Amino acid sequence: MKAFRGPKTWLWRWRRNPLKRRADVLEAWVVLGAWLLTVAAGVLAGLAAAGSVEDGLAQERAAWRPAVARVVAPAPASRPHSNVSAGERVWAKVRWTVADGTAHTGQVRVEPGSKAGTPVTVWTDPQGRLVTRPTSVSEATFRGALIGTLVGVSAAAVPFVGGLALRGRLERRRMDAWDTEWSRLGPQWGRMV
């Protein structure tokens, strides 16, 4: 197959060639533009998404605070013959007080068999509502990088697919032009001069 293609030449679309058509030049610019837009869109969207995720998680780390809650009623004990790991937790109702002095209640996971009044550390937002433990800096960096990569690849797919579609359309137009030329010139090849 390589004999039919000829040697690989870099930047062949921009070299001088008497057989080069206007469609070849247009295709060269379409390919270059699609690659540049693909790289730019992917990198910019990925960086913006990663930065946004990391900023949001940093705001959560700054705003969410730990509070000491107390178990309201005894927590159920685990079943003796259950197939659960040693770190099993059960749901229990707890009560905690926020900085402004208001008391809140909610459900959290505690050690099985915890007695009423057992202290449990919970995380709350500025309004005193229960939230999950905020992510650490390394977890936030990993999550930002992962989401940034996914967003970057997704954003890069748009100009890449657009470039492929435009290049396919140019190829169809070129083939139609060749068919027209062949139908005009092909019959003349059978004549004897």
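The following is a short exchange about a predicted model.

Colleague: In what order do the elements of the protein chain run from the N terminus?
Modeller: Helices (H or I, at least four residues) and strands (E, at least two) are DSSP runs, numbered from the N terminus. The protein chain has 3 helices and 5 strands. Their order is α-α-β-β-β-β-β-α.

Colleague: How much of the protein chain counts as buried?
Modeller: Buried means under 20% relative accessible area, exposed over 50%, and partly exposed in between, with a 1.4 Å probe and protein chains only. Of the 193 residues of the protein chain, the buried part is 23%.

Colleague: How are α2 and α3 oriented to each other, parallel or antiparallel?
Modeller: Two packed helices are described by the angle between their axes and the distance between the axes. Axes are lines fitted to C-alpha atoms, for helices over the stretch in contact, and angles run from 0 to 180 degrees between N-to-C directions. Helix α2 (residues 22–63) and α3 pack at about 160°, with axes 7 Å apart. Angles under 35 degrees count as roughly parallel, over 145 as roughly antiparallel, 65 to 115 as roughly perpendicular and the rest as oblique, so α2 and α3 are roughly antiparallel.

Colleague: Which classes of residue make up the contact of α2 with α3?
Modeller: Ala, Val, Leu, Ile, Met, Phe, Trp, Tyr, Cys and Pro count as nonpolar, Asp, Glu, Lys and Arg as charged, and the others, Gly among them, as polar. By these classes the contact of α2 with α3 has 23 nonpolar, 8 polar and 7 charged residues.

Colleague: What kind of aromatic pair does the structure hold?
Modeller: The structure holds 1 aromatic pair. Rings of Phe, Tyr and Trp (its six-membered ring) pair if their centres lie within 6.5 Å; planes under 30 degrees apart count as stacked, over 60 as edge-to-face and the rest as tilted. The rings of Trp35 and Phe160 have centres 5.7 Å apart and planes at 65°, so the pair is edge-to-face.

Colleague: How far apart in sequence are the parts that this pair ties together?
Modeller: Trp35 lies in helix α2, and Phe160 in helix α3. Phe160 is partly exposed, at 33% relative accessible area. The pair therefore ties together parts whose separation in sequence is 125 residues.

Colleague: Which residues does Gly163 touch, not counting those up to four places away in sequence?
Modeller: Gly163 is in helix α3 and counts as buried at 11% relative accessibility. Contact means heavy atoms within 4.5 Å. On that basis Gly163 touches Val30 and Ala34.

Colleague: How far apart in space are Ala156 and Ala41, C-alpha to C-alpha?
Modeller: Ala156 is in helix α3 and is buried at 13% relative accessibility. Ala156 and Ala41 are 115 residues apart in sequence. Their C-alpha distance is 5.4 Å.

Colleague: Is Thr135 buried or exposed?
Modeller: Thr135 sits in the loop between β5 (130–131) and α3 (137–185). Leaving aside neighbours within four places in sequence, Thr135 is in contact with Leu57, Arg61, Ala140 and Arg143. With a relative accessible area of 8%, Thr135 is buried.

Technical notes. Residues are numbered from 1 along each chain as its sequence is written. This is a predicted model: local features need pLDDT of at least 70, side-chain atom pairs count only at pLDDT 80 or more; totals for chains, interfaces and linings use all residues. Side-chain values use heavy atoms; hydrogens and water are left out.
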